[in-house]
Amino acid sequence: MDNSPTALFENYDEDFKQLLASLKGKLEGDVKQLKGEQRKSALKKVSEELDEAEEIVAQMEVELPSMPLSIRQTYQGRLATSKQGLEKVKKTLRDVRSENQRSELLSGPGGFPNSDDPYTDEPSAYSARTRLLQGTETLADGSRRLDNAHRIALETEDVGGEILRNLRGQREQIEHTRDTLVQADSSIDRAAGTLKKMIFKMYQQKFLSAGIIIVLVLLIFIVLWSKLFR
């Protein structure tokens with residue numbers, strides 16, 4: 001399995017595109033056809049899948065710094081496009097939720113009735129309730145974002161710890177290799193010294209042998225000379 005940053009980015013991108021297409025299909029078709037609790041359940045499911053899409057985008061962003069500079073800009077553009085698509089789906093989800101809340105308020109017992117009384121104060125109550133629901137939804141969305149950010153921070157911390165452990169292991173290997181090279185250098189120096197001594201002794205033996213041969217030749221000449229001219 002290819003674990004290079006580009007391969008991981010491509011896998012995340014493919015998963016994101018499939019998930020984004022599924023979200024668009026649900027928001028533009030399935031959810032609008034449902035009513036009541038079924039619609040609430042479908043919106044909750046869409047929200048969970050949207051959180052998953054945000055996590056995928058965050059993982060894609062984590063892989064960018066590890067890519068070569070020559071191709072990083074291309075992948076940055078693809079990431080920006082993915083973020084834009086994600087924001088569009090978020091906006092669609094907010095619109096569908098707002099529409100759902102308005103439908104519940106208008107159809108519920110506390111909703112704005114179809115009254116002809118010009119002095120009724122129901123419109124202001126409806127507006128206050130709408131703002132309260134929107135504020136609650138905003139707080140819930142903010143909490144989800146904080147949870148996602150916290151989870152991503154923890155994952156990033158784990159990745160950083162793993163990188164530091166790998167670097168520490170590599171440093172130990174480099175130090176061990178350096179010590180081995182120092183020992184090898186010392187052994188080479190000792191071997192060179194021994195070789196020099198052997199060469200010196202070899203030349204010494206050659207000179208000694210040559211001297212002995214010369215002395216023997218002289219003695220032979222002296223003996224022959226003495227015998228021939230006695």
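These legends accompany close-up views of a predicted model.

View 1. Welcome to the predicted model, where the protein chain has four helices and zero strands. Reading from the N terminus, the elements follow the order α-α-α-α. Of the 230 residues in the protein chain, 20% are buried. Take contacts with a separation of 6 or more: 70% of them join residues 24 or more positions apart.

**View 2. The largest nonpolar core.** Here we look at a core of 23 residues, in which Phe9, Phe16 and Leu23 have the most contacts. Helices α1, α2 and α3 each bring at least two residues to this core. Helix α2 gives the most, with eight residues. As background, nonpolar side chains in soluble globular proteins tend to be buried together.

**View 3. Phe9 and its contacts.** Let us stay with Phe9, one of the residues with the most contacts inside the largest nonpolar core. Once neighbours within four places in sequence are set aside, Phe9 is in contact with Met60, Leu64, Met67, Tyr75, Arg78 and Leu79. Met60 and Arg78 will come back in the next view, as partners of Asp13.

**View 4. Asp13, a buried residue of helix α1.** Asp13 sits in helix α1, which covers residues 5-33. Is Asp13 buried or exposed? Asp13 counts as buried because its relative accessibility is 4%, and the cut-off for buried is under 20%. Not counting residues up to four places away in sequence, Asp13 touches Met60, Arg78 and Ser82. Readers comparing views will find Met60 and Arg78 among the contacts of Phe9 too.

**View 5. Lys90, a buried lysine in helix α3.** Lys90 belongs to helix α3, and its relative accessible area of 6% is why Lys90 is classed as buried. Which residues does Lys90 touch, not counting those up to four places away in sequence? They are Leu50, Glu54 and Arg145. Leu23 itself is one of the residues with the most contacts inside the largest nonpolar core.

**View 6. Ser41 in helix α2.** Ser41 is a residue of helix α2. With a relative accessibility of 48%, Ser41 counts as partly exposed. A handy landmark is Val31, ten residues away along the chain, whose C-alpha atom is separated from that of Ser41 by 9.4 Å.

**View 7. The largest pocket and its lining.** About 280 Å³ of space lies in this pocket. Its lining has 17 residues, and Arg94, Arg97, Glu137, Asp141 and Arg144 are those nearest the centre. How do the lining residues divide into nonpolar, polar and charged? There are two nonpolar, six polar and nine charged residues. At least two residues of the lining come from each of α2 (36-63), α3 (69-107) and α4 (122-228). Helix α4 gives the most, with seven residues.

**View 8. The annotated segment at residues 207-226.** An unreviewed UniProt entry places the feature "transmembrane region" at residues 207-226. In the predicted model this span is 100% helix and 0% strand. Its end C-alpha atoms lie 29 Å apart. The helix to follow here is α4, which runs over residues 122-228.

Technical notes:
Residues are numbered from 1 along each chain as its sequence is written. This is a predicted model: local features need pLDDT of at least 70, side-chain atom pairs count only at pLDDT 80 or more; totals for chains, interfaces and linings use all residues. Side-chain values use heavy atoms; hydrogens and water are left out. UniProt positions are given in the numbering used here, feature names are shortened, and annotations may be inferred rather than shown by experiment. Buried means under 20% relative accessible area, exposed over 50%, partly exposed in between (1.4 Å probe, protein chains only). Contact means heavy atoms within 4.5 Å. On a 1 Å grid over the protein atoms alone, a cavity is a set of points where a 1.4 Å probe fits but cannot get out, and a pocket is an open set with protein on both sides within 12 Å along at least five of seven lines; lining residues have an atom within 4 Å of a point. Grid points are joined across faces, edges and corners, and a volume is the space filled by probe spheres set on the points. Ala, Val, Leu, Ile, Met, Phe, Trp, Tyr, Cys and Pro count as nonpolar, Asp, Glu, Lys and Arg as charged, and the others, Gly among them, as polar. A nonpolar core is a set of buried Ala, Val, Leu, Ile, Met, Phe, Trp, Tyr and Cys residues joined through side-chain atoms within 4.5 Å.
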